[in-house]
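Here is my note on this model. Please read the points in order, with the structure open beside you.

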Amino acid sequence: MRVLFAGTELFPHVKVGGLADVMAALPKALRALGADVRLLLPGYPALKRVTAPLEPVMALGNLMGGGEARILRGRCPAGLPLYLLDQPAFFHTDEPYAASGELPLRFGALAWAVAHLGRNGDGQGWRPDLVHAHDWPTGLAPAYLALGGEPRPRTVLTIHNLAYQGLFPADLLEPLALPLDAFQPDGVEFYGRIGFLKAGLVYADGLTTVSPTYAREILGPAGLGLEGVLRQRNGRLRGILNGVDETVWNPATDPHLPRLYGPDHPEARSAGKAELQRELGLQEAPGAFLVAIVSRFAAEKGLDLVLEAQPWFAAHQVQLAVLGQGEPELEARFLAAARLHPGQVAVHLGYDEGLSHRMYGGADALLVPSRQEPCGLTQMYALRYGALPIVRATGGLADTVVDATTEAMAAERATGFTFLEPQTAALQGALTRALALFRDHPAAWAGLQRRGMAQDASWRPAAQAYLAFYEQLLG
Ligand code: ADP
Ligand code: GLC
């Protein structure tokens, strides 16, 4: 089976969030099952630098007014076969979503190239049976393919996050080469604008999202206006839980960690904790409860709840280590909290892959208070690294963390702590339970750590589920 994977991020070269991790790991897992998966991404400078060889396979002319475009073929350093849309006027930085007026045309060009390669093949004997698009930037690809008629490859669109819909003015219909009669509610139109994600939801043969719980949630208010079309297409929608790339995320081999350790020896993490406290300027107290956050600073991540809970952290002398960047107001408020509580709250603004690994490896707990979380990867990495997740039970967080209730503890199933209401009091309730177990029941705490670390979180089951879905769509 030949599959063309299309998206806008690829770990470790171009990464904004979890999409990059998925785009690197899922094709690898699918290839291990025998599928011939190849990727098509924008020709960002960072990708052109590392892809070899860079062999031109076709010229596409002036796409969407962004100048001469062509498709190059090669392999990324991890070995995945890669096509790049080389169009320097559109893809001149490594920041995929940098705001600009040309954003819709840039991703329109990408989707058009995906559809073109999908329908015609690469001119060198490779043509996909199925095109798998990811998120709003490639949402128009299934539309171009469906509107262009048969014969064409089948299409799948994966929703990684419904909060980003790609909505643009209707006067872009013509520049985007979309037919006027597609501008209607059962086409690309969404409340008077062109919806890139909406288009994908309407025209793709199959839809998936990244956890079973999120697949249910988005049929209601979490659908953010798209719940109607999602309910109509529910028969073709699957929730498939993301996995963990165990070659990247493994505390027994991780080059970013000061000391390696395996699931049988969570106590060996103490060196990493001390190192982390030093690195971040936290008090070097081995007994202090150290809670970490690794997150984009976006409203849906619920970080305002953590800021409101600052008095709780101070009153209980609980250490908080934050790594992230995003909304300026959240950045300013976290910096202010760190200034107010030196040695107890540490905030590192920016993107730092190595530090993120040391946080999962050194913190006692990882806090993910999201209002909405399609899957969430940080809590899965934390589980593997022995940092117990404290999460709001929504989307993929609900599917991956088993709350340490009395029953779950007795049944030896608990892996972390969950809370339901997106409110500070509920968050503090979960933190209080975690702190009590950490301080008063260290043996039970270590038991939860070992369970999380030993769990099988590989991509294999997800890859099998995607393959079964592809096969169903191909008849
Ligand atoms: P989302 O994709 O919504 O941001 P996920 O939990 O799926 O959420 O994925 C986030 C990914 O980005 C994880 O790999 C996490 O380690 C990483 N990450 C987030 N913020 C940072 C940061 N500031 N520095 C390094 N890695 C980060
Ligand atoms: C999105 C979601 C996140 C998910 C990631 C990878 O960025 O916000 O929950 O884990 O995609 O699928």
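1. Domain bounds come from an automatic or database domain assignment. For this protein chain, the assignment gives domain 1 (2-243 + 459-474) and domain 2 (266-454). Their C-alpha centres lie 33 Å apart. The contact (heavy atoms within 4.5 Å) takes 19 residues from domain 1 and 17 residues from domain 2.

2. A word on the basis. This is a predicted model: local features need pLDDT of at least 70, side-chain atom pairs count only at pLDDT 80 or more, and totals for chains, interfaces and linings use all residues. Residues are numbered from 1 along each chain as its sequence is written, chains are lettered from A and ligands numbered from 1 in the order in which they are written, and side-chain values use heavy atoms, leaving out hydrogens and water.

3. Domain 1 and domain 2 bury about 1400 Å² between them. Buried area is the accessible area (1.4 Å probe) that two parts lose on being put together, summed over both. Carbon and sulfur atoms hold 55% of it.

4. Where does ligand 1 lie? Both domain 1 and domain 2 give residues to its shell, so ligand 1 lies between them. There are 21 residues around ligand 1 (a heavy atom within 4 Å), and Lys15, Gly18, Arg296, Lys301 and Tyr360 come nearest. By class, this shell has 6 nonpolar, 8 polar and 7 charged residues. Gly counts as polar here.

5. Now the polar contacts of ligand 1 (pairs of N or O atoms within 3.5 Å). A polar side-chain atom of Tyr360 is 2.7 Å from a ligand oxygen. For the side chain of Lys301, the distance is 2.8 Å. Thr378 uses a backbone N or O atom, at 3.3 Å from an oxygen atom of ligand 1. Alone, ligand 1 exposes 560 Å², and the protein buries 93% of that. These areas come from the Shrake-Rupley method with a 1.4 Å probe.

6. Ligand 2 also has both domains in its shell, so ligand 2 lies between domain 1 and domain 2. It is surrounded by 13 residues, the closest being His160, Asn242, Glu373, Cys375 and Gly376. Helix α1 (residues 18-32) gives the most, with 3 residues. Helices are DSSP runs (H or I) of at least four residues, numbered from the N terminus.

7. The Glu373 side chain places an N or O atom 2.5 Å from an oxygen atom of ligand 2.

How values were computed. A polar contact is a pair of N or O atoms within 3.5 Å; within protein, one must be able to donate a hydrogen and the other to accept it, and residues adjacent in sequence count only if both atoms are side-chain atoms. Helices (H or I, at least four residues) and strands (E, at least two) are DSSP runs, numbered from the N terminus.
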